[in-house]
2 protein chains.
Amino acid sequence: MAETTITPRAKDYNEWYLDVIAAAELSDYSPVKGCLVLRPHGYAVWDLMRGELDQRFRDTGHVNAYFPLLIPMSFLSKEAEHVEGFAKECAVVTHHRLRAVPGGTGVEPDPAAKLEEPLVIRPTSETIIWHMYGKWIQSHRDLPILINQWANVVRWEMKTRPFLRTTEFLWQEGHTAHASSQEAVEETQKMLRVYEDFAVNVMATPVIPGIKSASERFAGAVETMCIEAMMQNGWALQAGTSHFLGQNFAKAFDVSFTSDAGVREHVWATSWGVSTRLVGALIMTHSDDTGLILPPALAPIQVVITPIWKGESEKEGAIAYADKVAAALKPLRVKVDTRDSLKPGAKYFEWERKGVPLRLEIGPRDMAQNSVFAAPRTGGGKFGIPVDENLKSTVEAKLAEIQATLYQRACERLAARTFRVDTYAEFKERIEEGGFFLVNWCDDAANEATIKEETKATIRCYPLDGQTPTGTCFFSGRPATHVALFARAY
Amino acid sequence: MAETTITPRAKDYNEWYLDVIAAAELSDYSPVKGCLVLRPHGYAVWDLMRGELDQRFRDTGHVNAYFPLLIPMSFLSKEAEHVEGFAKECAVVTHHRLRAVPGGTGVEPDPAAKLEEPLVIRPTSETIIWHMYGKWIQSHRDLPILINQWANVVRWEMKTRPFLRTTEFLWQEGHTAHASSQEAVEETQKMLRVYEDFAVNVMATPVIPGIKSASERFAGAVETMCIEAMMQNGWALQAGTSHFLGQNFAKAFDVSFTSDAGVREHVWATSWGVSTRLVGALIMTHSDDTGLILPPALAPIQVVITPIWKGESEKEGAIAYADKVAAALKPLRVKVDTRDSLKPGAKYFEWERKGVPLRLEIGPRDMAQNSVFAAPRTGGGKFGIPVDENLKSTVEAKLAEIQATLYQRACERLAARTFRVDTYAEFKERIEEGGFFLVNWCDDAANEATIKEETKATIRCYPLDGQTPTGTCFFSGRPATHVALFARAY
């Protein structure tokens, strides 16, 4: 295949993003508009995310289940705001059979196999899940229900971008049912903090946890909490949401329970999710003009070993040495590149573009010195590591350092491009260059819409941590009710 | 919820199966016909299967990827037999938006959002995957491709049965591309043996590996290999298939490569899959009139500990003792049942119905003797186990014994109900009572259809191991070409 040239970020950030994906073979376009193929290297990153998240969900008491892909069309209408939010992007199944085109070639939907009620492919599963919860919940003893689902969903998108916005995507959606409002609110907050922990400690990505304004809320939620990450161009990317749904879905699907005190009450709900867009966030947070950079915690290959040989006489010994090093590094995710068809330089180039955090080169001199020559993907110069009983712990420490370096760099970028501004004039001038803007704000949906219209910036969240509104709103001059974080966003 | 009474197998085998599923809370019916909800206990069994299979796929050099759910309708027609096999059961997406019903209530497909070309929900992914392989394969250096996908698929079924036949189901589908016929055939055989190993060593289920007759082949395959298991009523259940696809899909999607010798050739293919129907096979193989029995390798809870106490004064000590035992058994999958709302007998009843292989009861006497009282789900009497430094190894040995016992029992059933018959008259008489029938057979599709028509039995496979045809066909009297395994099947 043709080599991908990676456009520098400074030249065209969007092209750079697409080039990094192509060069690392993370995904490919499919023949269906907006639907992505996750190639093995890209899927493996998602699979590692899934493993880390799944463990955190289990540790917080959740279990997995699976609900149907197809939802009766009428279910969507049961919650008024929900249908408003999702009807416009639903894939609709209307037939259950194809037939040969009469007198022609190919196939067509069989008119005799038209469904009585069309089905929609789930854009999210609140409706079907709350229908089922209605069957399972009778008394307070059936609560709480703490279920998560790993699934694919479809939301018809007109403008798509690999990982960040696709018609079909993979995600997890937690759906919990509780006996009290307080318990549901606590669950909403707890899962937001699980996402934050995952972003920081696994993705090496700092995030701002906060609350969405009313106009940015999930369709059907009483409150939406989110974590917001900053990409290298200063744009925001919503990296996870956790919704307090109140009793909205319980009322829509008539799900109630008999309380301890014998009273019949509607159930309280939450839902929360992250998706394959996190892979996009990961790419945009850490990569450089050379290509992908993966934090070791999410790298399908953490260490690549490249033995170097001249001629067949050296080959066997070099590979045996490399295999010995690889065996010593277990259970790290290690690959030994034994290909004959590529020169060492071409191999280095390929693994750098694929984001492998640490490369260990092995040449005749390294073998003679009983060492390997280490090249971290984060730069900072190459160095030798003795092949002795400390090899594994040295490599592990180096990987931990790479993980910490990536987090550190991302934190510095976030700090350097987060601004406090006091006037709308200043905001309008500076929003062009990207960044997060903290402002004193008086909650007002109309003003929010005006700002979006004029600047393409939105309220990403009202940050949870350490922000108290003071003085007057930067836009309206009215007394401030919130500190708002504005940014342009993916 | 109402308690499910489990119908005895001898009374009604099909009712028994449904009752076991309901009592163990493995699945539930959804509002969409033929689509199942996998409840947490049922999903957890599938998740364990997935983990075991995925490791085996990795160990044999495969990687995971993900291809789109939606396939252009025209793709299906590109391989003539494939469309024949799947067009009649396709869910068809025709619209990408809903709208409010004009002047009415609810929503309907928006006529303005009709797709130019309808999309089908994948019934299997050969077509879209071979379209992508066409983009990725140029030369022999791009081969082999060894990809597996974990996904949901939809095949519209008129008559469904939980796990065994559902409109949507979860599965894995391997799709490999090779430079030679021989290599593809070897891959087909290798993956069949991977499935056999999984069935025997994880599911504790003996299977007959074999080759399908032409009329039972996958639509588009040159040859279909399968493993067939025997359920307790003597019916067969196909538990996995591995297909040699020849160059059929490579030709349909024009996928060729330049060989080492510089010649352009079409690529050789395989595909292979198992699905959530394996959960149904597992239930039917091991369970009894009391309810579900799970082999320890696939039990979400391998050991349940039931502390027994009288009054609050004893409770704390009993639970502390149980927690200590649970901690000593890590990393086994252990649950301590501390519920106040149920008496010990009710707890035993519940965990037996949920198939937990081993129960450890802890009463005041056991605590005084520093022991636990063990009750294996496979019967054979209860016995004490000292709580000492050997506790974990004793419990592990007991679980291994339970796993072996279940396999042993299934092997005995299979042996006892596998018959050699020489005449069609005898076959017709005995097929009613169930079982596997080995016959000398002269391959003939018309005779096969007649037998199916007259007896509802089909050729499950031509067994691979240790069967050579001799003499004449039991049906036609012509010289035998195969030994065929006939049975009624799910």
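1. In chain B, strand 11 and strand 24 (residues 458–463) pair in the antiparallel sense over two bridges; two strands pair if DSSP finds at least two bridges between them. Helices (H or I, at least four residues) and strands (E, at least two) are DSSP runs, numbered from the N terminus. The bridge partner of G210(B) in strand 24 of chain B is P463(B).

2. This is a predicted model, in which local features need pLDDT of at least 70, side-chain atom pairs count only at pLDDT 80 or more, and totals for chains, interfaces and linings use all residues. Residues are numbered from 1 along each chain as its sequence is written, while chains are lettered from A and ligands numbered from 1 in the order in which they are written.

3. Strand 11 (residues 208–211) of chain B is also joined by four bridges to strand 12 (residues 223–230) of chain B, and the two run antiparallel. Here G210(B) has C226(B) as its bridge partner in strand 12 of chain B.

4. In chain A, five strands form an open sheet of mixed pairing, in the order 18-17-19-20-21. Strand 18 (334–336) and strand 21 (383–386) of chain A each have a single partner strand, so one side of each is left without a neighbour in the sheet.

5. Strand 17 (residues 303–307) of chain A runs parallel to strand 18 of chain A, the two being joined by three bridges. Within this pair, I305(A) stands opposite V336(A) of strand 18 of chain A.
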